[in-house]
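Colleague: Please take a close look at one part of this model. Which residues lie open there, and which are covered?

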Amino acid sequence: MGDPSGVGPEVTLKALANPDVKGLADFFIIGDRRVLAGACRLARCKPFINIVDVSEGRRQRFSYGRLTAEAGRASLRYIDTALEMISAGEADALVTAPINKSSIISSGIPEFQGHTEYLAERFAVKKFAMMFVGKKLKLTLVTRHVPFRDIPRILTTEKIYDAIILTCKALKEYFRIASPRICVCGLNPHAGENGAFGTEEKRIIAPAIRKAARSVKNIVGPVSADIAFCEALDGKHDAVIALYHDQGLIPFKMLYFYSGVNMTLGLPFVRTSPDHGTAFDIAGKGIANPESMIEAIRLACKLTKRPGKNQ
């Protein structure tokens with residue numbers, strides 16, 4: 001259910017109450033029963049019965065919109081319980097409501113980066129990526145939550161290549177695209193303008209594309225980002241590879257802030273989430289929009305039931 005002080009419990013309950021969602025799977029909410037009861041009143045929906053309560057019998061006090069270490073510890077307990085269920089075969093897919101990284105860091109885990117990295121570490125996955133899915137745009141990030149100043153230093157040919165291969169595999173296996181068309185963004189303005197505005201395109205990005213082209217037939221790049229996304233929306237590309245967080249997420253959220261879905265590539269199970277955060281500014285007001293959570297649940301159900309997968 002995400003951070004108990006955020007909108008996660010509310011949007012989760014609203015999404016599961018949606019008529020188009022109810023019959024898609026056997027759903028369980030992992031979280032705090034008392035928090036969910038309060039969120040149920042906010043959401044104006046019937047109580048949800050299938051709750052895995054991991055409050056440990058304590059009357060914990062969470063305040064909407066507040067960053068606290070206790071909320072961070074609780075968020076992590078919910079995630080850990082979910083992963084135990086996945087590992088035990090008690091669940092087939094995971095949909096995560098938003099967490100607050102600062103709350104978890106303040107709880108005593110300074111190295112915490114986010115759901116994606118935490119899930120990959122728990123399942124010993126070395127190659128993984130975040131893909132964002134919208135109606136007309138699929139986007140994969142090469143780097144995630146890192147300071148902008150560090151991006152040129154940590155970008156490598158291998159990281160870009162891995163993101164391309166993970167994306168191609170996902171497009172084939174999950175979205176049934178037989179021969180995916182993938183566009184890789186450049187890092188600099190005008191994709192470096194032949195070295196006039198930077199050399200990363202020639203030194204790092206182009207070699208990754210050439211290497212990937214051995215197995216990915218329809219790949220282009222490096223393409224200036226302001227062109228790549230326009231071409232994708234026009235149907236020229238099935239997915240875009242963005243090199244850093246805001247390069248990809250600004251155009252994506254301009255289009256799909258309320259309906260976009262984040263999914264993790266490389267895990268041995270389907271994991272999706274809404275593409276927004278804990279929204280502390282509106283938590284507890286009953287006005288949170290559940291559309292992105294609805295789409296995250298729908299996508300998780302759809303991908304889990306893909307051909308060749310046990311129902």
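Modeller: Met254 is exposed, at a relative accessible area of 71% (exposed is over 50%, buried under 20%, partly exposed in between; 1.4 Å probe, protein chains only). The model is predicted, so local features need pLDDT of at least 70 and side-chain atom pairs 80 or more, while totals for chains, interfaces and linings use all residues. Numbering starts at 1 along each chain as its sequence is written, and side-chain values use heavy atoms, without hydrogens or water.

Met254 sits in helix α11, residues 245-256 (helices are DSSP H or I runs of at least four residues; strands are E runs of at least two; both are numbered from the N terminus).

Now turn to strand β4, residues 129-133. Five of its five residues are buried. One side carries Ala129, Met131 and Val133. Met130 and Phe132 take the other. Both faces of β4 are covered.

β4 has antiparallel neighbours. With β9, residues 261-265, β4 pairs over five bridges (pairing needs at least two DSSP bridges). There, Ala129 stands opposite Leu265. Four bridges join β4 to β5, residues 138-141, also antiparallel. Here Met131 stands opposite Thr140. β4 and β5 form a hairpin, with four residues between them.
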